[in-house]
Amino acid sequence: MLTSKSEKLFEEAKNYIPGGVNSPVRAFKSVGGTPRFIVKGNGSKIYDVDGNEYIDYIGSWGPHLFGHNPEFITAALLKAIENGTSFGAPTEIEVEMAKLISELVPSIEMVRMVNSGTEATMSAIRAARGFTGREKIIKFEGCYHGHGDFFLIKAGSGALTFGVPTSPGVTKKNAADTLVADFNDINSVKRLVQENQGEIAAIIIEAVVGNMGTVRANDSFIKELRSICTEENIVLIFDEVMTGFRVAKGGAQEILGVQPDLTTFGKIIGGGLPVGAYGGRKEIMQVISPSGPVYQAGTLSGNPLAMNAGFAALNHIKNHPEIYQTLEEKSSYLENGIKEVMKSTGKNFQINRVGSMMTLFFTSEPVADYNAAIKSDTKLYGKFFHEMLNRGIYLPPAQFEAFFVSTAHTKEDLDKTIRAAEESFRSL
Ligand SMILES: *Cc1c(COP(=O)(O)O)cnc(C)c1O
């Protein structure tokens with residue numbers, strides 16, 4: 001017997017949408033149970049079709065730096081919609097947006113807007129290949145760059161130097177051009193670069209990873225990675241789709257003190273609408289059509305609604321740089337609170353945090369790379385997730401994800417979360 005509206009909707013959805021969802025992690029597969037169908041978000045809270053209220057730590061998987069429905073983004077959208085939703089011709093707000101991104105992130109000289117993070121990373125790789133005339137790329141095990149064919153690759157076993165597809169439908173030939181190195185292990189990069197001398201177009205990395213859970217690159221690792229790319233004329237791409245405007249105004253590159261050649265954005269730059277962008281050094285970006293020969297286009301790219309929402313978000317960041325201090329204070333309060341209740345309940349799990357991104361890994365060993373992350377007890381995480389959900393706390397429904405604190409989270413929210421964590425730890 002299906003008792004809740006969410007359960008009924010999920011059953012119905014599965015008849016018409018693969019797995020009932022439009023993006024896999026929403027289906028709760030790795031934690032079990034039924035996803036909640038959401039009707040409304042406001043500030044730090046979301047509300048489901050059954051009338052339940054949750055303190056939200058997903059924030060639509062990253063975009064909602066200011067919580068749900070902040071007044072200044074809603075106002076910008078309402079104003080924009082009066083003039084029409086799309087023209088397929090240039091608009092002033094696109095120029096303003098590009099200028100603002102390059103003002104906030106010093107490594108960006110030119111930027112192209114697209115519609116998702118996936119599109120941004122795929123296009124950045126194409127630009128790097130067009131610029132260098134080379135075909136191979138290096139990615140890191142455990143980093144996620146969207147669902148482009150040549151990113152859905154994991155390390156081959158043993159003697160294989162090339163990767164293998166992680167999804168049916170990705171060809172072996174795609175995999176052959178993607179080499180996979182170990183995060184925070186510079187020797188694994190050196191080896192691949194030596195074995196493929198003069199053939200590597202780009203190295204792409206989440207310099208602060210969110211997609212194996214939160215893991216920060218070591219300072220020496222990321223500086224050496226920069227040197228290798230400079231020496232070998234390899235385009236260094238920071239995938240900041242999650243970290244851009246999240247961990248600092250200037251993203252992971254600001255806090256690590258390393259400038260990539262290209263950067264990809266998404267999530268926060270859309271202010272909650274579907275947006276991505278890639279940008280960086282002018283001489284590379286100028287290979288993009290129509291200024292250069294590398295083709296990349298989009299019917300809705302630079303869409304006026306998305307640009308106005310994104311511009312409102314970034315302009316708020318520009319005018320209120322103090323929000324990162326606020327986010328740091330709220331996030332460290334939550335981190336310390338959870339650490340305390342872990343101690344009092346005799347749990348020894350790991351918390352990794354960079355600014356307002358954090359992950360509670362259900363393992364007792366420190367996590368600095370993918371191999372350490374996957375030692376986590378995902379079953380136990382699933383149990384904890386449901387204990388928290390039942391107490392009105394909405395965490396990501398998968399162990400290897402970050403939870404996000406927004407400026408809208410109040411001390412009361414954080415205290416409630418810490419109390420719920422204490423009870424949940426006790427019940428494990
Ligand atoms: C979310 C994400 C992507 C993919 O963005 P979509 O908008 O979901 O296509 C790419 N890279 C990173 C680091 C991400 O977090």
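Biologist: Why is E224 called partly exposed?

Modeller: E224 has a relative accessibility of 32%. Buried means under 20% relative accessible area, exposed over 50%, and partly exposed in between (1.4 Å probe, protein chains only), so E224 counts as partly exposed. Do keep in mind that this is a predicted model, where local features need pLDDT of at least 70 and side-chain atom pairs count only at pLDDT 80 or more, while totals for chains, interfaces and linings use all residues. Residues are numbered from 1 along each chain as its sequence is written, and side-chain values use heavy atoms, with hydrogens and water left out.

Biologist: What makes K190 and E224 a salt bridge?

Modeller: Their closest N and O atoms are 3.2 Å apart. A salt bridge is a side-chain nitrogen of Lys or Arg within 4 Å of a carboxyl oxygen of Asp or Glu, so K190 and E224 qualify. K190 lies in helix 6 and E224 in helix 7, so the pair ties together parts that are 34 residues apart in sequence. Helices here are DSSP runs of H or I with at least four residues, strands are runs of E with at least two, and both are numbered from the N terminus. K190 is partly exposed too, at 33%.

Biologist: How do you know that the buried residues of helix 6 are on the same side?

Modeller: Those residues are I186, S188, V189, L192 and V193. They cover an arc of only 160° around the axis, which puts them on the same side of helix 6; the arc is that of the directions from the helix axis to the C-beta atoms.

Biologist: And what covers the buried residues of helix 6?

Modeller: The cover includes strand 5, strand 8, strand 9 and helix 7, with contact meaning heavy atoms within 4.5 Å.

Biologist: Why is E335 called buried, while K339 is called partly exposed?

Modeller: E335 has a relative accessible area of 11%, which makes it buried, whereas K339 counts as partly exposed at 37%. The side chains of these two meet in a salt bridge at 2.7 Å, N to O. Being four residues apart in helix 11, K339 and E335 are separated by about one helical turn.

Biologist: What joins R226, D261, R281 and E283 into one network?

Modeller: Salt bridges that share partners join these residues. The structure holds 16 salt bridges, including one between R216 and D219 at 3.5 Å, N to O.
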